[in-house]
Amino acid sequence: AQRSEWNHDAELDWSALAAVEHRGVQRLVADLNRVYRNTPAMYEYDCEPRGFEWIDFADREQSVLTFMRRGRDESALVIVVCNFTPVPRHDYRVGVPRGERWQEILNSDSTIYGGSGQGNVGGADAQPSPFHGRPYSLTLTFPPLAAVFFKNTSGT
């Protein structure tokens, strides 16, 4: 997370890693790569429409986007929520296709990345309350200016 623009003629500003906040960004990128590499729903149908589905792209008032990723194993899904405001969103409902536990697998606002640590204490249980055209929903907390990833627990 160097402050200057990338310059292909110069080396990266490795000294920036001396600052805690820069090490946090480095760890976040490593963890994002780990989630991508270890979660088939994130990459198997990466270039095909069936691998991506909007849950809600129209919440302009709260600046929140939600979408679902899927791979060949239909039982393994990933829900991604992005909050594009500096305001945390509490008790925010998201429609999901299954009534099970959804584990929080990555939260860009985690304290290990230099964030405030707001989130969902590891996950949430879906309730039989239809929302976003799906039979179940989660009630979640979305940290400010963050992306949060959830994986259903019945998936591999």
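W14 is found in the segment before α1, where helices (H or I, at least four residues) and strands (E, at least two) are DSSP runs numbered from the N terminus. With a relative accessible area of 48%, W14 counts as partly exposed; on this scale buried means under 20%, exposed over 50%, and partly exposed in between, for a 1.4 Å probe and protein chains only. Together with W6 and L12, W14 makes a nonpolar surface patch of about 390 Å². Patches are made of residues with over 30% relative accessible area and no salt bridge, like charges being joined within 9 Å and nonpolar side chains (Val, Leu, Ile, Met, Phe, Trp, Tyr) within 5 Å; accessible areas come from the Shrake-Rupley method with a 1.4 Å probe, and for residues only the protein chains shown count as cover.

## Basis of the model

The model is predicted, so local features need pLDDT of at least 70 and side-chain atom pairs count only at pLDDT 80 or more, whereas totals for chains, interfaces and linings use all residues. Residues are numbered from 1 along each chain as its sequence is written, and side-chain values use heavy atoms, with hydrogens and water left out.

What does L138 touch, leaving aside residues up to four places away in sequence? Its contacts (heavy atoms within 4.5 Å) are with Y92, R93, V94, V96, W102, A124, D125 and A126.

## Salt bridges

Nine salt bridges are found in a search of the whole structure, each being a side-chain nitrogen of Lys or Arg within 4 Å of a carboxyl oxygen of Asp or Glu. One of them joins R34 to D31, at 3.8 Å from N to O; both residues lie in helix α1 (residues 20-38), three residues apart, which is about one turn of the helix. R34 is partly exposed at 34% relative accessible area, whereas D31 is buried at 13%.

In the bridge between E48 and R50, the closest N and O atoms are 2.9 Å apart, and both partners are partly exposed, E48 at 35% and R50 at 48%. R70 pairs with E74 at 3.6 Å between the closest N and O atoms; R70 is buried at 16%, while E74 is partly exposed at 44%. Shared partners link E53, R70, E74 and R134 into one salt-bridge network.

## Cysteines

The structure holds zero disulfides, a disulfide being a pair of cysteine sulfur atoms within 2.5 Å. C47 is in no disulfide, and the nearest cysteine sulfur, that of C82, is 19 Å away, which is too far for a bond. C47 is exposed, with a relative accessible area of 77%, whereas C82 is buried at 14%.
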